[in-house]
Each structure stands twice: as structure tokens, then as C-alpha cells.
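User: I would like to learn how to read the features of a protein model, one at a time. Could you take me through them slowly?

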Amino acid sequence: MNDETVMNDETAMSDAKTDTTWDYLIQGAKVFDGSGELPVYEDIAVANGKIAARGTNLDPHKARKVIDGSERWAMPGLFDIHTHYDLELEVAPGLPESVRHGTTTVVIANCSLGLAFGAQRNNGADPIVDCYARVENIPKDVLRATADRVDWHNPKEYIKHLNKLSLGPNLVTLVPHSMLRIEVMGFEASISRDPTEDELQAMESLLERALDDGYAGFSTDALPFHYLANQPNTRKTIPTQFAKYPEIKRLTDVVRRKGGVWQATPPKDSTIGTIKTFLLSCGRLHGKPLKTTVVAALDVHSNRKIVRLARLLARVLNSRLLKGDFHLQALAAPFKVWSDGAVTPLSEEIEELRILNETELEDREGRQKILNDPAYIKQFKAMWMSGKTRFGLKRLKRLVRLEDYAFNRALEDMTIDVCPLKDWEGKTFAEVFARVKAANAGKLLESSKAEQALLREQFAQVKDEGDFVLVMLRAFDRDLSWYTVSANRDERTVRNLLMDRQLLPGFNDSGAHLTNMAFYDGNLRALKLASDGGDMDVTYMVRRLTRDPARVFGVKGGSIKVGDQADLILVNPSALRRMDHNNTVKRQYRQEFRHEQLVNRTDGVVPLVMIAGHPAWHGTDFDESLGQKKMGTVLATTF
């Protein structure tokens, strides 16, 4: 069967000649049903948006359309449990970049950010813009255009609004803590003080009401490099990070009582704070387990102990002694992150790079002023060369991969993707630095006229790699795009993380960081890695991407029993095994954003995506109704 024509080729899908009972019949697929049971070869019939029948040799004459599923895997549609699609839903509700990869349900309003309380514009504050711009690296004009569309004011109205959209995937939504704080306290107070008792009670009441209205849970954030984008607050973090432990406990107690889920991130620089915070998951200490899902289990290259501590933490919290319900999210891909000059989510971790991110994206002149300041140059060079020269504790920590930074400062690991000097595209910073040193020593043998001019005008005074990086940023600013892999370099380690029963696959960050990362195909990568272990491991991974997240988030889905909503996909296992995830990322201009975006293209791996019985993706094309006709819905919680 030709994947490109799975819904058009007369041999792949045929029209029945008689009166029909079913809309579609998928014949002869190898069915992984999400239950954890080994696969069986079956036919699947779909009618009126639901699974109508399953079995062998179902009558094709009862179906309006017949789909050849031979040599294909059939499974429930996949869950993407960590997205920031809140903004994209307002301009492209079909969410095509996820749909094409087999995703039929997405979780929104993660990391304390979302639109549940409307635009919240008041007294000059513009919270959607101020909170999202740096945390999720989305341009302010894109954010403002979204905020301008907002016409709701509370969580219940937001649910109604979402259900009026021409949704592609189903939605699961959380109550975002930063926005809850702003709603009750006001923007300035939310980033400057603790709530009063009356304010805390108001937050508890709003959260409980939202959970009753169908929200799946509550999201917070404690990563120490999520900063605001508005003056004079660019050196302050987002509101959720001003909440102390008693506030978090009171609000998560509401979630625990209602049976919802708490999505969180760890306070990265505080081991004691991390343990204290996540003990909130434990039923032994708090009377009832709190479903908790946490970002993220990554094998960080610069600090190899992080992933070990994460796995140990999950085991201890979920032990019989503590009775937790704790799920660390795992990324099924190398953590490959692009930077536009110094603009990248990872740079917020380091003060000398964060200063550059405090400027407006369009303010090249402002960054140039900083980069040319003698005091800043000295400070930057000290940071960049820390642990690279002279022997001492920092040097030792770097050598044994126990650095404090997750940001990778190794020139050999920084690869240029886009550069005004085309000669340097595809080269590492280390290779370019070698050319700079050779040119300055009069030993560069081959060079274009453009490179010679650039080296002479910009790089003649470079003495060390600290100088070199400064000049790269100064010469090209955001016209330079480069990438590095900061975590998950070893595929075997990544596979072990994904197959760990204490961890949950799904840190994809879809819908955020438009030009910095692209993990839309993360679930497919998880399936590919699992396939190395045969049917048993694929069975396990399908369950972890379908049935298990449905349970964690308290919604129906993740299965294809008779009577279930027909969210299902076909996967071509041969194409999956051939998928080269190192070469699937492309740059594409998205008209909806009026902005470039990094996307994935793994066409051929998923020949069919069906959402509520609607074929949304077939072969290598979207159905023309995607984004125009409502397919998915906001999934109601079952607690």
C-alpha cells in the first residue's frame, strides 16, 4: 500500500456498493489497543464518530469506505501531555504540526501559563504578552494579536470558547497558577508579595470551581529562569514563582480533594526544596495521593547526576512507604535547542546571557550597547571561560560532568545552522574559531572574499574563545542561528528512560519556542525506540502514550473499545524504523503567526489520523476540513 495515497488510492480505500452501517472499515491491521495486551490482527469499524465494531473478517459491504490496514499498526490516538498550544488554538485550532504525527489529544496551560482568565489586561499590564514572551520564546506581536481576540473572562467561559473552535485534537486543560495569582491579586502584587488570607481563599475557590467545570488540574512552575518580558520587571520571574510552600500546599490540597492532577517543574537549584515540594504527592503523608506530573527527566550532558537523582526521586515517592502518584515526564529525543544569537530558553539560566534576553527582540542596538560595554565584556568572558582554564573546583566539575549550568558552552557542540556568511553554515563554533585563529596568524590557506572581509573587520582582535563568542553575537545578532544538544545524547539512555515505569513519555513542549526547538514527533520517536524490543515493548509504549496519560489526567480516551470515541491512528512500522529523527527539522513560515517556525516532517510514518471518526490526516496530506470543521472536543474529567 502506498502511504501517500492511503485515503485516495482505489486499492487502499474503496466505496461500498450497498447500504452501509459503518462510515469506515480498517481491514487487517495489527492492533495495539492501549490496554497493555499484546497485539492482534483485527478489523476496526467506525460509525458516527465511535468505534462500532472490532473483529476478524468484518463485512466490508457494511462500510462506506474501506481502508487497507495490512502491514500497518493500528492504535489509539496519541496524547501530548506537555504543550503550550493555548495561543495557537486561537489562530490555527487544527494544530496541524501535532496531528500529522499521530497526536489526537493535547494538554494545554502547562507551567502556570494559560488563557483561562481571559486577557487580564488591567492598569497597563498585558499578562499574556509579559508572561509568555520570554518563557516560551514567542514574539510579542504574535502574543498581542492573540490577546486582542480574547472575549472571555473566567474559566467556565473559556471552556465554552474552546468548544466553539474548529478543534483538530481533543483538549485537556489545566488551571494556570500564574494567571490565577494575577486574577486574584493583580499583576504587580502577584510578583511582589504573598497573598492575604482572603486572597488565598479566593484562589482556592476559583480553582475548585474550575475543577468542577471540567479542568483536569492545576499547573505551577519553579524553574529559576522563567522571566517576565515587560519593563521594569524583566529581572523578575513569573508570578507562580513568588508563591511559597504554604500557598502551593493549600492549592494542591484542593486538587487532591477533587482528584485532579498537579503539573509542576522542580526548583532546579534546591535539592531540599525539590524533595519537600514533591512529597506533596504522597498519600502516606497527606491522606490521599496527589497525581503529579513533573517536567522533566533529561540526561543532561553537563551534569550527569540529574537524571539519576530524578529516577531515584520517582522511585522513592512512588514506593509503598510513601504511596505517591508521581510521574516525571521524559523526552524521547535528543534535547536539541536552537539559538537566535543569544535568544534561547537555555540562556535565561546564566546572568550574562539573560541580560541580552531582557532587551526587545527587535532591539539590536540595545544588545550592541551591552556587548560593547567593557564591564560586560569582562563579566561575559569570566563566565564563558569558567571551568575551562586553570585547575580548580569548577574545572574538576566540568571534567566530570557535574557543572551547575545545563547550558552547554563547548564550542565543538555548537553548530551553525543559519548565518549571513553562508561559508560558515554547517560548521561548529570550534571549526570557525580555528579559522579565526588561523587567519589572525596569517595561516588561513583558503577563504572566500566575503569571509576574508568579515575576519578582517570583526575578528582581528580575537584572543580566546570568550572573545570569539562575543564577536559572533556582536557581528550577527539574531541573524545567526545555531544549535546544540544539551541532553539526551545517548540513545540507549533515552530508551531506558522511556521504558522506566516510573517515568511518563511526553515532554514535547509543542506550541512554544517557535524557532528554538521542534519535538512535535516526540511520541513517534518513543515508539521507534520501543520497537527495538519487539511487540512486547511496543505494547508497553503504546499504553504509556495513550491509556496511562488518560488515567493521569482523569479523562476518557487512550483506548479503542467498541463505543469509544474513534480517535485512532495507523503507523507504518517499516517507515518508523527508517525514520531519521536527526534530519526531520525544517524551517517553515507560518502564515497564522506571520513568523517562521521550526517544524518536523516525518511524512510516511503515520498514514492515517482519525479524530472522533474524522480523517484529519491521510498519506501526506491534511483533510481539507482540518481547522475548518470541529473534530476534537474539550475532554471532560472523570473524577
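User: How many bridges join strand 18 to strand 21, and in which sense do the two run?

Analyst: Helices (H or I, at least four residues) and strands (E, at least two) are DSSP runs, numbered from the N terminus, and two strands pair if DSSP finds at least two bridges between them. Here 3 bridges join strand 18 (residues 568-571) to strand 21, and the two run antiparallel, with I569 standing opposite V609 in strand 21. Please keep in mind that this is a predicted model, in which local features need pLDDT of at least 70 and side-chain atom pairs count only at pLDDT 80 or more, while totals for chains, interfaces and linings use all residues. Residues are numbered from 1 along each chain as its sequence is written, and side-chain values use heavy atoms, with hydrogens and water left out.

User: Which strand forms a hairpin with strand 21, and how many residues lie between them?

Analyst: Strand 21 forms the hairpin with strand 22, with 2 residues between them. Strand 21 and strand 22 (residues 614-618) pair in the antiparallel sense over 4 bridges, and M610 stands opposite P615 in strand 22. A612, in the turn, has a positive phi of about 50°.

User: Which way do the side chains of strand 21 point, and are they buried or exposed?

Analyst: In a regular strand the side chains alternate between the two faces of the sheet. In strand 21 (residues 608-611), L608 and M610 point one way, whereas V609 and I611 point the other way, and all are buried. Buried means under 20% relative accessible area, exposed over 50%, and partly exposed in between (1.4 Å probe, protein chains only).

User: Which residues of helix 11 are buried, and what do they pack against?

Analyst: An α-helix has 3.6 residues a turn, so residues three or four places apart point the same way. The buried residues of helix 11 are V307, A310, L313, A314 and L317. Seen down the axis of helix 11, these buried residues fall within an arc of 125°, so they line one face of the helix; the arc is that of the directions from the helix axis to the C-beta atoms. They pack against helix 9 (271-278), strand 13 (325-330), helix 19 (491-499) and strand 17 (503-505), where contact means heavy atoms within 4.5 Å.

User: How many aromatic pairs does the structure hold?

Analyst: Rings of Phe, Tyr and Trp (its six-membered ring) pair if their centres lie within 6.5 Å; planes under 30 degrees apart count as stacked, over 60 as edge-to-face and the rest as tilted. The structure holds 15 aromatic pairs. One of them is the tilted pair of W262 and F278, at 5.9 Å centre to centre with 55° between the planes. W262 lies in strand 11 (residues 261-264) and F278 in helix 9, so this pair ties together parts that are 16 residues apart in sequence. W262 counts as buried at 1% relative accessibility, and F278 counts as buried at 1% too.

User: Which residues do ring pairs link into a cluster?

Analyst: Ring pairs link W424, F429, F433, F459, F468, F476 and W482 into a cluster.

User: Is E71 buried or exposed, and what is its phi?

Analyst: E71 has a positive phi of about 60° although it is not a glycine, and at 66% relative accessibility it counts as exposed. E71 is found in the loop between strand 5 (63-68) and strand 6 (73-76). S112 has a positive phi of about 80°, but S112 is buried, with a relative accessible area of 0%.
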